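This report goes through one protein chain, from its overall make-up to single residues. Keep the structure in view while reading.

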Amino acid sequence: MTQQSGGPGPGPGPGSVAVAVTEGMPILELAVPCHVFGTPHPDPGVPWYDFRLCNLTEGEAVPARQWFTTHTPHGYRELVEADTVIVPASADVREDPPARLLEAVREAHDRGARIVSLCSGAFVLAAAGLLDGRRAATHWQHAPLLAERYPEVDVDPTVLYIDDGDILTSAGSTAGIDLCLHVLRKDLGSRVAGSVARHLVVPAHRPGGQAQYIETPVPPAETDSGLAPLLHWAAERLHQPLTAPQLARQAGTSVRTLVRRFHRATGTTPLQWLQAQRISRAKELLETTDQPMDKIAEQCGLGGAGNLRLHFARSVGIPPSEYRRAYRAADGGAHDSARSAAGSCTKVGYPAPPLQG
């Protein structure tokens, strides 16, 4: 794997991203940030990240797992100076992380960098003392060990990722994609994040948490029959007052069977999934249009402006008007203001709280 840089791009960009490379690290968690942040958006008008891989020893090749080797001219000095530092999964969670890596991560955080861990990379952040007193996510298999070794960390094994402002942690493997898309959404908006998600052939917003994956056998194919078309059908009708019986009729099954199938596939209920999609649609409209709140609420199936404000604030942590101001700020301060507004109020795991009332 050879270092490739996405380049800063035209105009004010979202800053620099540095990935810490260590010997023996898993390939997937290393490849995800390389693809999300290191591959420039095809639209030349979208400013992109100054991306770099950083080895412990500058200029030396570092062997990763499964016959891959990283070659990069960048060392940990560049990592310390980056705006966002990503720590992928550790080679072995039972071993202490390299002292040089811990020093670099602490120094980067002290300098004001946003620190992101993927999967078992949370062990590095915990060893560096950055997770003390915070909620953190990691792979569900490693969660008990993380909690045992670092009792000051509030380990949550149920979520896909946690955004605690300047520190973000994800669950195992593909949950790193969810967190990287979340970072992309905060920096450059839902439209860009959605475009990258489509290129990756993954959902821009994945419902459910790790609970759906913990020691659960893969369901037979027939148990998921019809669910994907149903989700597509419902996503095109968010403006309509959809109900669980209506969804069940569309799927050709009973409400009880639909609920069971939904929980097995997504870890959530049909109505909670609908609510998450409506909030996601509201975010997109707030970022990309000047429509009034009542129009946005109508298009998202949230009724009126008051209902939109209630459920949006409950889910996102800030009112829709503040979200719009943050993400549609003037060029030059848009990304910082959005990160501050959304990040400071989003100290929760994904997805949003269930719909109540």
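## Surface and overall make-up

The accessible surface of the chain comes to about 15,800 Å², and carbon and sulfur atoms account for 53% of that area. The model is a predicted one. Of its 357 residues, 52% count as buried, where buried means a relative accessible area under 20%.

The chain has 15 helices and 10 strands. Among contacts with a separation of 6 or more, 68% are between residues 24 or more positions apart in the chain.

## The nonpolar cores

The largest nonpolar core has 33 residues. Within this core, F37, W48 and L184 have the most contacts. At least two residues each are supplied by β1, α1 (27–38), β2 (50–55), α6 (175–188) and α7 (190–200). The largest share, eight residues, comes from α6.

There is also a second, separate core, which has 32 residues. Among its members are A113, A122, L125 and A136.

## Helix α1

Helix α1 has 12 residues, which at 1.5 Å a residue should span 16 Å. The C-alpha atoms at its ends are 15 Å apart, in agreement with that value.

How enclosed is α1 by the rest of the structure? Nine of its 12 residues are buried, so the helix is largely enclosed. The buried residues are I27, E29, L30, V32, P33, C34, V36, F37 and G38. One of them, F37, was named above for its contacts in the largest nonpolar core.

## Helix α3

Helix α3 covers residues 99–110, 12 residues in all. From its first C-alpha to its last it reaches 17 Å, close to the expected 16 Å.

Which residues of α3 are buried? They are L101, L102, A104, V105, A108 and H109. These residues cover an arc of only 165° around the axis, which puts them on the same side of α3. The general rule for such a pattern is that an α-helix has 3.6 residues a turn, so residues three or four places apart point the same way. The elements that cover the buried residues of α3 include the strands β1 (16–21), β5 (84–87), β6 (114–117) and β10 (167–170). The helices α2 (76–80) and α4 (122–127) are also among the elements that cover them. Just after α3 comes G112, with a positive phi of about 100°.

## Cysteines

How many disulfides does the structure hold? The number is zero. A disulfide would need a pair of cysteine sulfur atoms within 2.5 Å.

C54 has 0% relative accessibility, so it counts as buried. C300 also counts as buried, because its relative accessibility is 0%. C119 is buried with a relative accessible area of 7%, and its place is in the loop between β6 and α4. The phi of C119 is near 55°, a positive value in a residue other than glycine.

## Around L231

L231 is found in helix α8, which runs over residues 227–235. Leaving out residues up to four places away in sequence, L231 touches F262 and W273. L231 and L247 are 16 residues apart along the chain, and their C-alpha atoms are separated by 9.2 Å.

Technical notes: Residues are numbered from 1 along each chain as its sequence is written. This is a predicted model: local features need pLDDT of at least 70, side-chain atom pairs count only at pLDDT 80 or more; totals for chains, interfaces and linings use all residues. Side-chain values use heavy atoms; hydrogens and water are left out. Buried means under 20% relative accessible area, exposed over 50%, partly exposed in between (1.4 Å probe, protein chains only). Helices (H or I, at least four residues) and strands (E, at least two) are DSSP runs, numbered from the N terminus. The expected span of a helix is 1.5 Å times one less than its number of residues. The arc is that of the directions from the helix axis to the C-beta atoms. Contact means heavy atoms within 4.5 Å. A nonpolar core is a set of buried Ala, Val, Leu, Ile, Met, Phe, Trp, Tyr and Cys residues joined through side-chain atoms within 4.5 Å. Accessible areas come from the Shrake-Rupley method with a 1.4 Å probe; for residues, only the protein chains shown count as cover.
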